Amino acid sequence: MKYLIWLVVALAVVVWLKRAKKTIMPGGMGGAAGSAGSRQSKSQVPEVEHMVQCAHCNIHFPASEAVTDASGQVFCSVEHLRLSAP
Ligand SMILES: [Zn+2]
């Protein structure tokens, strides 16, 4: 019974290592987790994205995730756009 437990642990480690390798490997198709910013181009993903600042909470975030209102102010989310609206 002891060995069975260790076998399960060993299998879990092997599976975890395989997944870790996939996420670390550059240029691969990647998993479902790390494909957030690959909408524009598949081969040429910019390493550093332009960062903008939210007008409500002052947090810095990628421009591609920005929400802009009519006056040109940038927000990190629709919720903060609503909160800043008069
Ligand atoms: Zn914000």
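The 4 donor atoms around the zinc ion subtend angles of 95 to 124°, so the arrangement is tetrahedral (four donors with all angles between 85 and 135 degrees). The model is predicted: local features need pLDDT of at least 70 and side-chain atom pairs count only at pLDDT 80 or more, while totals for chains, interfaces and linings use all residues. Residues are numbered from 1 along each chain as its sequence is written, and side-chain values use heavy atoms, with hydrogens and water left out.

**Zinc site**
- The protein donors are C54 (SG), C57 (SG), C76 (SG) and H80 (ND1), at 1.9 to 2.3 Å from the zinc ion; donors are N, O and S atoms within 2.8 Å of the metal (3.2 Å for Na, K and Ca), and water is not among the atoms, so sites may look incomplete.
- Along the sequence, the donor residues follow the spacing C-x2-C-x18-C-x3-H.
- C54 is buried at 1% relative accessible area, and H80 is also buried, at 18% (buried means under 20% relative accessible area, exposed over 50%, partly exposed in between, with a 1.4 Å probe and protein chains only).
- C57 is partly exposed at 36% relative accessible area, and C76 is partly exposed at 24%.
- The count of disulfides is 0, a disulfide being a pair of cysteine sulfur atoms within 2.5 Å.

**Fold**
- The protein has 2 helices and 4 strands, taken as DSSP runs numbered from the N terminus (helices H or I, at least four residues; strands E, at least two).
- From the N terminus on, the order of these elements is α-β-β-β-β-α.
- Of the 86 residues in the protein, 8% are buried.

**Loop residue N58**
- N58 sits in the loop between β1 (51-53) and β2 (60-62).
- Its phi is near 65°, a positive value in a residue other than glycine.
- N58 is partly exposed, with a relative accessible area of 48%.

**Nonpolar surface patch**
- I5, W6, V9, V13, W16 and L17 form a nonpolar patch on the surface, and together they have about 650 Å² of accessible area (Shrake-Rupley method, 1.4 Å probe; for residues, only the protein chains shown count as cover).
- Patches are made of residues with over 30% relative accessible area and no salt bridge, joining like charges within 9 Å and nonpolar side chains (Val, Leu, Ile, Met, Phe, Trp, Tyr) within 5 Å; a salt bridge is a side-chain nitrogen of Lys or Arg within 4 Å of a carboxyl oxygen of Asp or Glu.
- V9 belongs to helix α1 (residues 2-24) and is partly exposed at 35% relative accessible area.

Technical notes:
Tetrahedral: all angles 85-135°; square planar, octahedral: opposite > 155°, others 65-115°.
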